[in-house]
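Here is a short walk through one model. Keep the sequence and the 3D view side by side as you read.

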Amino acid sequence: MIEETLAEAREKMDKAVEFTQDDFASIRTGRANPALFADIEIDYYGAPTPLQQLASFQTPEARTILVTPYDKGTLTDVENALRNSDLGANPANDGNVIRVVLPELTEERRKEYVKIVKSKAEDGKVSIRNIRRHAKDVLERIKKDGEAGEDEVTRAISELDDLTKSKVDNVDQLLSQKEAELLEV
């Protein structure tokens, strides 16, 4: 029971770190990245559909992304969604593809993005700590119910704390990498 609890906590913490990393990818740096469009949804035949399911992306230049909708009928909807997004880009439609040129980031905007990244990192750490708290409660219940000895539970809690620290350190490392990437001119 103890090993199952630890394995479940490890798996959930891994997913929390992965989610935080994916969250970081959606924050824009100076380079064009298709992950920037992960949160954009298009009303496709009455259903909100992620843009990544409706179009392909190419990055021919550092700050340019070509968006090619699979269904040419959605071209104007895709263009409007891109224009209304918070990317600060002005998409150009040539009838087949949409060319999105991302503007240069100002120093002020870079610092704003760093604040956003720090906030997302803190959310990831809170998630990891919540997983730890839940797993610790389960371990305490195991001890209380007499399903395992006190030494075993103490060892498991120590292992859980080490796991938590390593996952929080992973998030901190991802944060420092993303910060450096954002502040790089």
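In which helix does Thr5 lie? Thr5 belongs to helix α1. Keep in mind that this is a predicted model.

Start with that residue. Thr5 counts as buried because its relative accessibility is 8%, and buried means under 20%. A polar atom of the Thr5 side chain lies 2.9 Å from the backbone oxygen of Met1. Leaving aside residues up to four places away in sequence, Thr5 touches Ala135, Val138, Leu139 and Ile142.

Now widen the view to the helix pair. Two packed helices are described by the distance between their axes and the angle between them. The axes of α1 (residues 2–25) and α4 (residues 107–145) come within 9 Å and cross at roughly 170°. Therefore α1 is roughly antiparallel to α4. From α1, the contact includes Ile2, Thr5, Ala9, Met13 and Phe24. From α4, Val117, Gly124, Ile131, Ala135 and Ile142 are among the residues taking part. The residues of this contact divide into 14 nonpolar, four polar and four charged.

Turn next to the sheet. Four strands form an open sheet in the order β3-β4-β6-β5, with antiparallel pairing. β3 (55–61) and β5 (92–93) stand at the edges with a single partner strand each, so one side of each has no neighbour in the sheet. Strand β4 (residues 64–69) and strand β6 (residues 98–101) run antiparallel and are joined by four bridges. Here Leu66 stands opposite Arg99 in β6.

Helix α3 (residues 75–84) lies across β4, β5 and β6. Relative to β6, α3 runs at about 10°.

Technical notes: Residues numbered from 1 in each chain as written. Predicted model: local features only at pLDDT ≥ 70, side-chain atom pairs only at ≥ 80, totals over all residues. Heavy atoms only, no water. Axes fitted to C-alpha atoms, helices over the stretch in contact; angles between N-to-C directions. Helix = DSSP H or I, 4+ residues; strand = E, 2+ residues; numbered from the N terminus. Parallel < 35°, antiparallel > 145°, perpendicular 65-115°, else oblique. Contact = heavy atoms within 4.5 Å. Nonpolar A, V, L, I, M, F, W, Y, C, P; charged D, E, K, R; others polar. Buried < 20%, exposed > 50% of the residue type's maximum accessible area, 1.4 Å probe, protein only. Polar contact = N/O pair within 3.5 Å; in protein donor to acceptor, adjacent residues only side chain to side chain. Pairing = 2+ DSSP bridges.
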